[in-house]
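Dear colleague,

Please find the structure below, handed over for your own work. My findings follow directly after it.

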Amino acid sequence: MPQFSALIQALRASSTIAFNAKALELKRAGVDVIAMTAGEPDFQPPAHVLAAAHEAIDRGMTKYTASEGTLELRQAIVNKHARENGLAFTPDQVVVSTGGKQSLYNAFMSILDPGDEVIVPAPYWVSYPAQIQLAGGVTVPVACRAEDGFVPDPEAIAAAITPRTRAIVVNSPSNPTGAVVPEGVLKAIADLAEQHDLWLVSDELYEHLVYEGTFTPVAQWYPERTVLVHGASKGYALTGWRIGWACAPVALAKAMNRLQGQVTSNANAVAQYATQVALESVEATAAFQAMTRAAYRERRDLLVAGLNDLGLPTPMPHGAFYAMADLRTIDPDETVAATVLLEQARVAVVPGTDFLAPGFARLSYACSTGQVAEAVQRIAAVVGR
Ligand SMILES: Cc1ncc(COP(=O)(O)O)c(C=O)c1O
């Protein structure tokens, strides 16, 4: 066989997917595993959104749309950000993509030249470094401390800026840490971007999952250098429908759409219409989000209290649906500790290695309250409490 490209040979598979696959393998073999690996709501999408997808099919909305998404959906996105976040975008600043993942990829591909550095607070979501690498860039991780609840330190970010820095990534609420970054910290980071003429890539996928404190829209300060990335997956429970979007200055939105137009063109037309209805049905969608938020919060409280009681220090996450547990009392190597949990407790978690969180593992509590309670009991049996 002829050889593969150097680019693809250097690219690693997502560790989240790898540990999830291990859990599935055990499940298939008949082992009763509680999977706390996936970053996916366990809720069905709201009924009005399901009905909209049926309607889209019945109305024959089956053709290509504009590469950047339908005008109606982009207008609904503009209205959402005006209503909920006080941001004043226009539809030509919006590019709808096949998931927030593609929006981020479009952004990195459009702003990075080979060797450009991107500052990413760590622990981080594993796809940032992979996508930055694909775009020829270099990830510069800046460690956040568990003692600080994994909130980034603007001074540490300032110290990491070099003449090669092109962008800073912020992700609040965060995957994998669940940290909700306070407004003052985000403003300090945005000011650094302004002072050093950098792009700010703000991943806001988990906006609607904040349990304490408030969500801060980063684009309020320097919209001319901010790329807001959002999507339907988390807050609207539409993961498999693959709708994400970016809001950016017009020139960058055009550039991202030029790339997308040559790679995938428009995101799924039926899902675009359903997402439009999700955004336009303001009250019904807000009620769905309040319901899911209350359920996640209950599960979080159960999980985090349980893990801390078991001597596995776990900072309280204030958003998203993840907790980062310190597993060093099980084993100093987080992959060994996660394997112990999988094989002995039959609880699948993701070791922190690829998140740059040595000694820690990520537990997703987007599973039922009963499963969370059962997982804590199983872990208790293994750690001998
Ligand atoms: C932090 C973060 N950003 C972006 C995404 C992309 O989500 P999607 O492509 O489903 O919109 C995810 C999904 O796991 C995520 O956790």
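Ser-14 sits in the loop between H1 and helix H2 (15-28); helices are DSSP runs of H or I with at least four residues, numbered from the N terminus. With a relative accessibility of 21%, Ser-14 counts as partly exposed, a class lying between buried (under 20% relative accessible area) and exposed (over 50%), with a 1.4 Å probe and protein chains only.

The model is predicted: local features need pLDDT of at least 70, side-chain atom pairs count only at pLDDT 80 or more, and totals for chains, interfaces and linings use all residues. Residues are numbered from 1 along each chain as its sequence is written, and side-chain values use heavy atoms, without hydrogens and water.

Helix H1 (residues 6-10) contains Ile-8, which is partly exposed at a relative accessible area of 43%.

As for the domains, an automatic or database assignment divides the chain into domain 1 (6-44 + 285-383) and domain 2 (47-281). Their contact takes 33 residues from domain 1 and 33 residues from domain 2, contact meaning heavy atoms within 4.5 Å. The C-alpha centres of the two domains lie 24 Å apart. Two salt bridges are counted between domain 1 and domain 2, each being a side-chain nitrogen of Lys or Arg within 4 Å of a carboxyl oxygen of Asp or Glu. Arg-300 and Glu-212 also form a salt bridge through their side chains, at 2.7 Å from N to O.

Yours sincerely

Technical notes
Helix = DSSP H or I, 4+ residues; strand = E, 2+ residues; numbered from the N terminus.
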